[in-house]
Amino acid sequence: MTSTSSTTTTTTTTSPAILNTSNPQVLMKLVGLTSPPSTPVTITVWDSYSTSENQAFNETLAAFEQAFPWIHVEVTYGVGVGTSQFETAAEAGKAPIVYRDTSDSGGALFAAGLVLNLSEYLPQSITSLYLPTAIDDWTLNGSVYGLPDNINYIVMFYNKQFVPYPPNTTNQLIQIAENVNKTYHIWGIAYGASQEYGYRFAAWFAGFGGNIFTTTNGQVYPALNSTAMVDALNFWYNLTYNLHINYLAPSTGAGGAEGQLFIANKTAIIFDGPWDLNAYLQALGPNLGAAPLPIVSQTGLRAAPFIGSTGFLIASPQASGATPMQIKAALIFVLYFTSYQADLRLWDVAHDIPANVQAYNEAITELNEGKLQPSYLNSIMKGILEQAQYGQKFPNIPQMAYYWNSFHEYASEFFAGKISANAAAQGMEQAFVQSLVQNGLLSGLPIFPVLPPTQFLLIITAVLSPLIVVLPRRWKW
């Protein structure tokens, strides 16, 4: 179920026939309106952008409200991505009409019937406005459930003051980190593997030959209990506790311990996404470097991060209480905020990789001509874009929603020294399977021995566990 992506991001792609979704008349026609309604329409929007992305968002919002004075937008800023917060609001009928989330979380919301099938509201030609890699992330069983505003994934950021060239293999990564530690007396790497929920670790799992899912007789099963997971866990344990070159940070990202150490020149290498780029640019300037994750020397496979996307969804009327006219206004909003002008603004201000084809082509032209300012940003963005050639498709199937907590619980126990890597791999898969069974996403059992015996037993345990009866402690047997 995990496939390697080979998106080329240093060349432009074929543009669709021009459809200007920044144009008010075009957008109103697309949603079946010939003129504005007689009374204003209010829509609620949950915004999950970073600080620099919000600068671009607010500029686009000002332009939108000028173009559509009859649409009033109530924005809630700083909402985290993920399905739980939206689901809670949706169950109470109080979900926002528009919500910005990741494609995988959006897939779970769509499967649960909480967001609209946009294929029923917009013409098929709309999909040609976006890069295939991006729009595919928002398509499930042939239906488009959201429109993308960017493409994202993690890369390797490094400080050129300590790392003159990026490592191409994990052996080189270790050698460079050891040299940094010995020479400069700072951490070679800061990666809090126990503090994440498997988003970044999925890249290392793939590099050691692992897949999150396997498919048997058309049924999707978790595949975390594998040699690849054990090896990937032990690899980072070794770098952390035996070689002492990785700092197991208690928090991730630019605002967490990883990013703060990197900003303060106290670690040489971190793994993060372009969404945090501005913080590192401001701190390190021309000393900042970016490159793809290395090849795992043990397997010859490159660590492959999720190639995913964020974008906008529209809640179902049952989830938000939206009227038909509010739905039309929401459709106009998501088309406008994923248009050429909006996506190019995100690129210019926050350096997001555009999902819109026209904006992407212009961004790549600027990059290839070395027009980005400051000038050293050109090499940084080339390193970021190169990573897209070595990624894996972000699973947007509803089963993916139950991966995160399963991974986090047992990875945390492993890095705390409470359980072995083998026990962690087995535990996370068992928890994953049980969550799928309990939520109706894994009902049938494969015929033994289609699956490995250990995986078969895990699934049997998950199916039977609700049937186990605990006897009162009244008798001694």
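Good morning. By the ring-pairing rule, with ring centres within 6.5 Å, the count for this structure comes to 45 aromatic pairs. Please keep in mind throughout that this is a predicted model.

A pair of aromatic rings is described by the distance of the centres and the angle of the planes. For W187 and Y247, the ring centres are 5.4 Å apart and the planes stand at 35 degrees, so the pair is tilted. W187 belongs to strand 10, residues 187-190, and Y247 to strand 13, residues 246-247, so the pair ties together parts that are 60 residues apart in sequence. As for accessibility, W187 has a relative value of 30% and therefore counts as partly exposed. Y247, at 26%, also counts as partly exposed.

The second pair is W204 with F235. Here the centres lie 6.3 Å apart and the planes meet at 25 degrees, so this pair is stacked. It links distant parts of the chain, with W204 in helix 7, residues 201-207, and F235 in helix 8, residues 227-242, 31 residues apart. Are these two residues buried or exposed? Both W204 and F235 are buried.

Beyond individual pairs, ring pairs also join residues into a cluster. Its members are Y49, F57, F64, F68, W70, Y77, F312, F333, Y336 and F337.

I turn now to helix packing. Two packed helices are described by the angle between their axes and the distance between the axes. Helix 8, which holds F235, has a packing partner in helix 16, residues 403-415. The two axes come within 11 Å and cross at roughly 40 degrees. Helix 8 and helix 16 are therefore oblique to each other, and their crossing is right-handed. Which residues make the contact? From helix 8 they are M229, L233, N234, W236, Y237 and Y241, and from helix 16 they are F407, F414 and F415. By class, the contact of helix 8 with helix 16 has eight nonpolar residues, one polar residue and no charged residue.

The next pair of helices is helix 14, residues 357-368, and helix 15, residues 377-387. These pack at an angle of about 130 degrees, and their axes are 10 Å apart. That angle makes helix 14 oblique to helix 15. The crossing in this case is left-handed. On the side of helix 14, the contact involves I364, E366 and L367, which meet N378, M381, K382 and L385 of helix 15. The contact of helix 14 with helix 15 comprises four nonpolar, one polar and two charged residues.

Let me close with the backbone. Most residues other than glycine have a negative phi, and most peptide bonds are trans. Where does this model depart from that pattern? In the loop between helix 14 and helix 15 we find P374, and the peptide bond from Q373 to P374 is cis, with omega near 0 degrees.

Two asparagines also deserve mention. N141 is not a glycine, yet it has a positive phi of about 55 degrees. N141 sits in the loop between strand 5, residues 139-140, and strand 6, residues 143-144, and at 75% relative accessibility it counts as exposed. N217 likewise has a positive phi, near 55 degrees. The place of N217 is the loop between strand 11, residues 213-216, and strand 12, residues 219-222. With a relative accessibility of 70%, N217 counts as exposed.

Thank you for your attention.

Technical notes:
Residues numbered from 1 in each chain as written. Predicted model: local features only at pLDDT ≥ 70, side-chain atom pairs only at ≥ 80, totals over all residues. Heavy atoms only, no water. Axes fitted to C-alpha atoms, helices over the stretch in contact; angles between N-to-C directions. Helix = DSSP H or I, 4+ residues; strand = E, 2+ residues; numbered from the N terminus. Parallel < 35°, antiparallel > 145°, perpendicular 65-115°, else oblique. Left-handed = near helix turned anticlockwise from the far one by under 90°. Contact = heavy atoms within 4.5 Å. Nonpolar A, V, L, I, M, F, W, Y, C, P; charged D, E, K, R; others polar. Phe/Tyr/Trp six-rings, centres within 6.5 Å; stacked < 30°, edge-to-face > 60°. Buried < 20%, exposed > 50% of the residue type's maximum accessible area, 1.4 Å probe, protein only.
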